[in-house]
Each structure stands twice: as C-alpha cells, then as structure tokens.
Amino acid sequence: MADVNETITHLLSELRRGTIVISVLSQLATAQYGYSLVQTLEEKGSAIDPSTLYPLLRRLEKQGLLESEWDTQETRPRKYYKRSAHGDAVYVGLCKEWTRLVKTMDGIIEVNNEGGRPLGDH
C-alpha cells in the first residue's frame, strides 16, 4: 500500500495540472515573456516548471487563446504572450466554471464532514 503523503502528493499534482491553464491565462491580460510568467506564478504560489510552461504557451497560442510578439529591442530577444480577444472570452468562461466548481466541491466537502467520518478519524 502506498504511503498516504505520497498518494496525496500524486493526487495534488493531478489537481494542479487541471488548474495550470486558468493560472496562465489569468496572468496574461498584459503581455509577459515566459520567464517573467514563471516568476509571477511562483510568487503567487502557483509554481510552474518552464518545461511545462513553454509547450503550454505554444499550445494556447495555436488554439487562438494567446497572441505573441517578439521584442528584439533588448540584447536578448524575448517572445511576449498576451491573451487574445478569444482568450479573454474563454478566460471569463473558465472563471465562471471555476467558481461553480468550487461552490459544488465546498458543498460536497461540507456534507461529508457533517454526515461522514470527521477529518483525522481513522
């Protein structure tokens, strides 16, 4: 049988994977380049590995949710990403669904805590 903490870590990773898109879209109302986005998300407690972020940015751009533009004015060229109009609409829709999901889960967890086994009871 797997260790409880190991299982929680694995399941938490799956939960986080489902929130990465909304986290990234939330920060791209204004243009940012990849590394600045990594830092911003880390500061906000939603760390993302660059090896996960860059393919995600390319995928979201391909889906029309992001627009990008190269800035070659600096010594090191950077690609800036920003939500497109379609991305704005999708982001608003995702936020509404997220709010609904949180309310649903809060209700389920509350019911389980009231009618089920209390937390910490084995």
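Predicted model: local features only at pLDDT ≥ 70, side-chain atom pairs only at ≥ 80, totals over all residues.
Colleague: How many helices and strands does the protein have, and in what order do the elements run?

Modeller: The protein has five helices and three strands. Starting at the N terminus, the order is α-α-β-α-α-β-β-α.

Colleague: Is the protein compact or spread out?

Modeller: Compare the radius of gyration with the globule rule. For 122 residues the rule gives 14 Å, and the protein comes to 18 Å, well over that, so it is more spread out than a compact globule. The C-alpha trace spans about 60 × 30 × 25 Å along its principal axes. Buried residues account for 23% of the 122.

Colleague: What does the length of helix α1 show?

Modeller: Begin with the general idea. An α-helix has 3.6 residues a turn, so residues three or four places apart point the same way. Now the case here: α1 covers residues 4-17, which is 14 residues, and its first and last C-alpha atoms are 20 Å apart, close to the 20 Å expected at 1.5 Å a residue. At its start, a side-chain oxygen of D3 comes to within 3.2 Å of the backbone nitrogen of N5.

Colleague: Which rings form the aromatic pair, and why is the pair called edge-to-face?

Modeller: Look at the angle between the ring planes; over 60 degrees counts as edge-to-face. The structure holds one aromatic pair. It is formed by Y33 and Y80, with ring centres 5.4 Å apart and planes at 75°, so it is edge-to-face. Y33 belongs to strand β1 (residues 32-33) and Y80 to strand β3 (residues 78-83), so the pair ties together parts 47 residues apart in sequence.

Colleague: Is Y33 buried or exposed?

Modeller: The cut-off for buried is under 20% relative accessible area. Y33 has 19% relative accessibility and therefore counts as buried. Y80, with 23%, counts as partly exposed. R78 also lies over the face of Y33, at 4.0 Å from the ring centre.

Colleague: What does S23 touch beyond its neighbours in sequence?

Modeller: S23 sits in helix α2 (residues 20-26). Its relative accessibility is 15%, so S23 counts as buried. Setting aside neighbours within four places in sequence, S23 is in contact with L41 and S46. The side chains of S23 and S46 are joined by a polar contact of 3.5 Å.

Colleague: What share of the contacts join residues at least 24 apart?

Modeller: Among contacts between residues at least 6 apart in sequence, the share is 44%.

Key:
Residues numbered from 1 in each chain as written. Heavy atoms only, no water. Helix = DSSP H or I, 4+ residues; strand = E, 2+ residues; numbered from the N terminus. Expected span 1.5 Å × (residues − 1). Polar contact = N/O pair within 3.5 Å; in protein donor to acceptor, adjacent residues only side chain to side chain. Phe/Tyr/Trp six-rings, centres within 6.5 Å; stacked < 30°, edge-to-face > 60°. Buried < 20%, exposed > 50% of the residue type's maximum accessible area, 1.4 Å probe, protein only. Lys NZ or Arg CZ within 6 Å of the ring centre and 35° of its normal. Rg over C-alpha atoms; globule rule 2.2 N^0.38 Å. Contact = heavy atoms within 4.5 Å.
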